[in-house]
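This briefing is for a reader who meets the structure for the first time. Please look at the sequence and the model, and then read the notes below, which are grouped by topic.

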Amino acid sequence: MHATLTIGNAVLMLSDGCHPDHPGFRSFSLSLTLNDRAEAERVFQALSAGGSVSMPLTQTFWSPCFGMLEDRFG
């Protein structure tokens, strides 16, 4: 199941696909697109608090600011 939500200037994409390292359904994936780097950094910090960062925010060939994390809820 996939969904895309637009909230103000932010785009939120969701997926309930399973992670290959975790058998069965454990959680869902979320992609949040923001138009402002400072806001992206603020949100990334807030979501990663108490969790783990698998890719710090950095520039990629597809995005000027991209990162990956698992929040404190897994």
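Two strands are said to pair if DSSP finds at least two bridges between them, while the elements themselves, helices (H or I, at least four residues) and strands (E, at least two), are DSSP runs numbered from the N terminus. With these terms, the chain has one helix and five strands, and their order along the sequence is β-β-β-α-β-β.

The model is predicted, so local features are given at pLDDT of at least 70 and side-chain atom pairs at pLDDT 80 or more, whereas totals for chains, interfaces and linings use all residues. Residues are numbered from 1 along each chain as its sequence is written, and side-chain values use heavy atoms, with hydrogens and water left out.

**The chain as a whole**

- Of the 74 residues of the chain, 14% count as buried, a word that stands for under 20% relative accessible area, with exposed meaning over 50% and partly exposed in between (1.4 Å probe, protein chains only).
- The accessible surface of the chain comes to about 5,700 Å², and carbon and sulfur atoms account for 59% of that area; such areas come from the Shrake-Rupley method with a 1.4 Å probe, and for residues only the protein chains shown count as cover.
- Where contacts (heavy atoms within 4.5 Å) are taken between residues at least 6 apart in sequence, 15% of them join residues at least 24 apart.

**Strand pairing**

- Strand β1, residues 2-7, pairs with strand β2, residues 10-15, in the antiparallel sense over six bridges, and Ala3 has Leu14 of β2 as its bridge partner.
- The hairpin of β1 and β2 has two residues between the strands, and Gly8 in this hairpin takes a positive phi near 60°.
- Strand β2 also pairs in the antiparallel sense with strand β3, residues 29-33, over five bridges, and here the bridge partner of Val11 is Thr33 in β3.

**A nonpolar surface patch**

- Phe28, Leu30, Leu32 and Leu47 make a nonpolar surface patch of about 360 Å².
- Patches are made of residues with over 30% relative accessible area and no salt bridge, with like charges joined within 9 Å and nonpolar side chains (Val, Leu, Ile, Met, Phe, Trp, Tyr) joined within 5 Å.
- Leu32, one of the residues of this patch, is found in strand β3 and is partly exposed, with a relative accessible area of 35%.

- Phe44 has its place in helix α1, residues 37-48, and is buried at a relative accessible area of 11%.
- When neighbours within four places in sequence are left aside, Phe44 is in contact with Val53, Met55, Pro56, Leu57, Gly67, Met68 and Leu69.
- The C-alpha atoms of Phe44 and Asp71 are separated by 9.7 Å, although these residues are 27 residues apart along the chain.
- If a salt bridge is a side-chain nitrogen of Lys or Arg within 4 Å of a carboxyl oxygen of Asp or Glu, the count comes to two salt bridges.
- Arg37 forms a salt bridge with Glu41, with the closest N and O atoms 3.0 Å apart; because Arg37 and Glu41 are four residues apart in helix α1, about one helical turn separates them.
- Arg37 is partly exposed at a relative accessible area of 40%, and Glu41 is partly exposed at 34% relative accessibility.
- Arg42 forms a salt bridge with Glu39, with the closest N and O atoms 2.8 Å apart, and these residues, three apart in helix α1, are likewise separated by about one helical turn.

- Rings of Phe, Tyr and Trp (its six-membered ring) pair if their centres lie within 6.5 Å, and planes under 30 degrees apart count as stacked, over 60 as edge-to-face and the rest as tilted.
- The structure holds two aromatic pairs.
- The rings of Phe61 and Trp62 have centres 4.9 Å apart and planes at 85°, so this pair is edge-to-face.
- The rings of Trp62 and Phe66 have centres 5.0 Å apart and planes at 70°, so this pair is edge-to-face as well.
- Phe61, Trp62 and Phe66 form one aromatic cluster, in which Phe61 is exposed at 81% relative accessibility and Phe66 is partly exposed at 24%.
- Thr60 lies in the loop between β4 (52-58) and β5 (66-70), counts as buried at 15% relative accessibility, and is in contact with Met55 and Phe66 once neighbours within four places in sequence are left aside.
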